[in-house]
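Please find below some notes on the model.

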Amino acid sequence: MAIDEEKHVHETAVNVVDAVADLSEDKREIYDVAATFLTDVAARPDAFELLAPWTEAEENAVKRKLDRIVMPLLFFSNLMSGTDKVLLGTAVTFGLRTDLHLVGQQYSWPYFAMIGFVFLQSYIFQKFPIGKTIAVNVVFYGVCTFAISGVKNFAALAACRFLLGVFEGAGHSATGLIIAMWWKKSEQPWRTAVMFSTLSSVVNGLLSYAMQFYNPGPISRWRLLFVIMGCWSVIVGTMDFFFLPADPTAAWWLTDRQKVIAIKRTAGNQTGILNHHVKWDQVKEGLLDEKTWLINVSLNIPNGGLIGFNSLIVQSLGYTVKEVTLLAIPTGVISWVSSLIFARLASKTRRPLLCVIASILICLAATVMLKVIPRSNKGGSLAGLFILYCYWAPYIIMGSSILYANVAGTTKKVAVFGISYWGYCVGNLVGPQTFISKEAPLYPSATMTMLIGYCLSILLVCLYGFSCWRSNKLKVKQQEEWEANHHEQDVAEEWKDLTDRQNPYFRYTW
């Protein structure tokens, strides 16, 4: 190492130690886990080697590890949660509603538990190792899925669905916290789309099609579906427990040098890593921030209807049960591919909100197709329904990628991600109720609700963009005032647990 470079690394190490050496309880509340880790590293004899500037090859090696370990684990964890939602609609076509003597939409109410427990779950994620808590949740909603296979009536089904909602409701916030701590803002959109895949429809479709060849014996087809998926969820949760770390500093499959790179490469996000102290002032800020409420419910209303009732819509076109299960497969592929394409466009163009609006317009056009094309035109109706499944693209970019990039401060993230998930739950409660059985096969109430929801979404997205633009203008003044009172930036400034509003160097993505 050159003398000047070694001197710079030494000064950096000393400054980091000086900034956070007194790790009293007050200091621990100010700084996140990255500061604690870097302080320990800076005090080691090999600090020069560990803190030295890294090469592009070193950073790429770290990214490959993240993409090969963290991303697949979250992909399968979220896949299990999504599969349960579409699995229920298929189970209805296999006789669940008849066997349990259900009426109307009695089988579509897991979201009350999610609404009631999302903040408790988010609190647990902040206070305890997030990898272990995700693992426990995945295992337990696997157990609940397995339990559904044995229910005999609506009361038992409702109890299992309630518990399922308790454990499933944490996935959105947990994934958001992990994405924000592991990847740069520019890397987040595409990876968010990957991890929140809609391939649950593919898994469900293939598995359901296979069930057509099963000759029911001691267990009916719909019960066997829940047995298989319950066991698979338990396996995924077990993998999470051993391989998904609490944060980059706790990843046993990274070397100390790679941990330093994993932490410091995301410093430009200005969103921090993780702080285990709950800060009520950050909760208040999240509640009073208008951007929190502009991440809206309306995108989730058509989401809720389509996920739970796609099988019913397709079946109303005259297709057989076997054809319904096969036709569910393209919907997941279309949703996922559309989200990947628009996520990539958002990263390349650096205009994510324009990409959101473009994807919403596609969904709006598809809704118009469903409304005006007669159901006697099976091909046209099915085409409109398939195009409508591009709905996942605006949800991923707006409800996940932009949200994760634009919220800083661990407690504020927990609060805002939880509120966003409330919107998801409310939308999924409202959506299915618009598909009224007596209105089949046109479902005019559902299509009108979708039209209104998408138009409202475009308006709210525009308002969100204006709010970000205005806030960034104010940020320039905030930074100037801060620098006028501070001759140099604190070396550990990026590792303070500051919110996006408190941090003068933070800029909103829009």
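**Notes on the predicted model**

1. Helix α13 (residues 221-243) supplies the largest share of the nonpolar patch, 6 residues. Helices here are DSSP runs of H or I with at least four residues, numbered from the N terminus. The patch covers about 820 Å² and is made by F76, W232, I235, M239, F241, F242, F243 and W252. Patch members have over 30% relative accessible area and no salt bridge, and nonpolar side chains (Val, Leu, Ile, Met, Phe, Trp, Tyr) are joined within 5 Å. Areas come from the Shrake-Rupley method with a 1.4 Å probe, and for residues only the protein chains shown count as cover. I235 is found in α13 and is partly exposed, at 47% relative accessible area. The classes are buried (under 20%), exposed (over 50%) and partly exposed (in between).

2. This is a predicted model, in which local features need pLDDT of at least 70 and side-chain atom pairs count only at pLDDT 80 or more, while totals for chains, interfaces and linings use all residues. Residues are numbered from 1 along each chain as its sequence is written, and side-chain values use heavy atoms, with hydrogens and water left out.

3. The count of salt bridges comes to 18, a salt bridge being a side-chain nitrogen of Lys or Arg within 4 Å of a carboxyl oxygen of Asp or Glu. E187 and K63 form one of them, with the closest N and O atoms 3.7 Å apart. E187 lies in the loop between α10 (171-182) and α11 (188-195) and K63 in α5 (residues 56-93), so the pair ties together parts 124 residues apart in sequence. E187 is buried, at 9% relative accessible area.

4. D289 pairs with K412 in a salt bridge, at 3.1 Å between the closest N and O atoms. Because D289 sits in the loop between α15 (280-288) and α16 (290-294) and K412 in α22 (residues 410-433), this pair ties together parts 123 residues apart in sequence. D289 is buried at 2%, and K412 is buried at 1%.

5. E290 and R470 meet in a salt bridge at 3.3 Å, N to O. E290 belongs to α16 and R470 to α23 (residues 444-485), so parts 180 residues apart in sequence are tied together. E290 is partly exposed at 27%, as is R470 at 39%. Salt bridges with shared partners join E285, D289, E290, K291, K412, R470, D500 and R501 into one network.

6. What span should the 19 residues of helix α8 have? At 1.5 Å a residue, α8 (residues 130-148) should span 27 Å, which agrees with end C-alpha atoms 27 Å apart; the expected span is 1.5 Å times one less than the number of residues. Buried residues in α8 include I130, I134, V138, Y141 and I148.

How values were computed. Helix = DSSP H or I, 4+ residues; strand = E, 2+ residues; numbered from the N terminus. Buried < 20%, exposed > 50% of the residue type's maximum accessible area, 1.4 Å probe, protein only. Patch = residues over 30% accessible without salt bridge, like charges linked within 9 Å, V, L, I, M, F, W, Y side chains within 5 Å.
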